[in-house]
Amino acid sequence: MEKFWMVYVEGRSSPTVKHRTKGDALWEAERLLGLPQNWNSIIFVLEAVGYAQTPKTPISYTSL
């Protein structure tokens with residue numbers, strides 16, 4: 001899995017877009033700051049630093 005960044009506007013819904021570069025995320029943050037609904041908002045650029053994953057266990061079926 002590759003590193004990615006996301007942009008979060010405080011008080012809004014969770015971010016959904018993964019940006020492949022920090023520069024792309026910063027550009028998106030600036031773009032969002034320009035929208036009237038985001039004036040006076042705080043916008044965060046979030047960086048993924050790791051991940052957790054459930055182990056992949058095989059599913060088996062047994063007849064009775």
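A salt bridge here is a side-chain nitrogen of Lys or Arg within 4 Å of a carboxyl oxygen of Asp or Glu. The model is predicted, so local features need pLDDT of at least 70 and side-chain atom pairs count only at pLDDT 80 or more, while totals for chains, interfaces and linings use all residues. Residues are numbered from 1 along each chain as its sequence is written, and side-chain values use heavy atoms, with hydrogens and water left out.

**View 1. The whole chain, for orientation.** The elements run β-α-β from the N terminus, giving one helix and two strands (DSSP runs numbered from the N terminus: helices are H or I of at least four residues, strands E of at least two). The radius of gyration is 18 Å, well over the 11 Å that the globule rule gives for 64 residues, so the protein is more spread out than a compact globule (the radius is taken over C-alpha atoms, and the rule is 2.2 Å times the number of residues to the power 0.38). Along its principal axes the C-alpha trace spans about 65 × 25 × 15 Å.

**View 2. The largest nonpolar core.** Welcome to the inside: W5, V7, V9, A25, A29, L32 and I43 form this seven-residue core. Such a core is a set of buried Ala, Val, Leu, Ile, Met, Phe, Trp, Tyr and Cys residues joined through side-chain atoms within 4.5 Å. Buried means under 20% relative accessible area, exposed over 50%, and partly exposed in between (1.4 Å probe, protein chains only). Strand β1 (5–9) and helix α1 (22–33) each supply at least two residues of the core.

**View 3. Around W5 and H19.** Leaving aside neighbours within four places in sequence, W5 is in contact (heavy atoms within 4.5 Å) with residues including H19, A25 and V45. H19 sits in the loop between β1 and α1 and is buried, at 12% relative accessibility.

View 4. E47 belongs to strand β2 and K3 to the segment before β1, 44 residues apart. E47 is partly exposed at 40% relative accessibility, and K3 is partly exposed at 47%.

View 5. R31 is partly exposed at 38% relative accessibility, whereas E28 is buried at 15%.

View 6. Most residues other than glycine have a negative phi. N40 is exposed, at 86% relative accessible area. I42 lies in the loop too and is partly exposed at 47%. I42, F44 and L46 make a nonpolar surface patch of about 250 Å². Patches are made of residues with over 30% relative accessible area and no salt bridge, with like charges joined within 9 Å and nonpolar side chains (Val, Leu, Ile, Met, Phe, Trp, Tyr) within 5 Å; accessible areas come from the Shrake-Rupley method with a 1.4 Å probe, and for residues only the protein chains shown count as cover.
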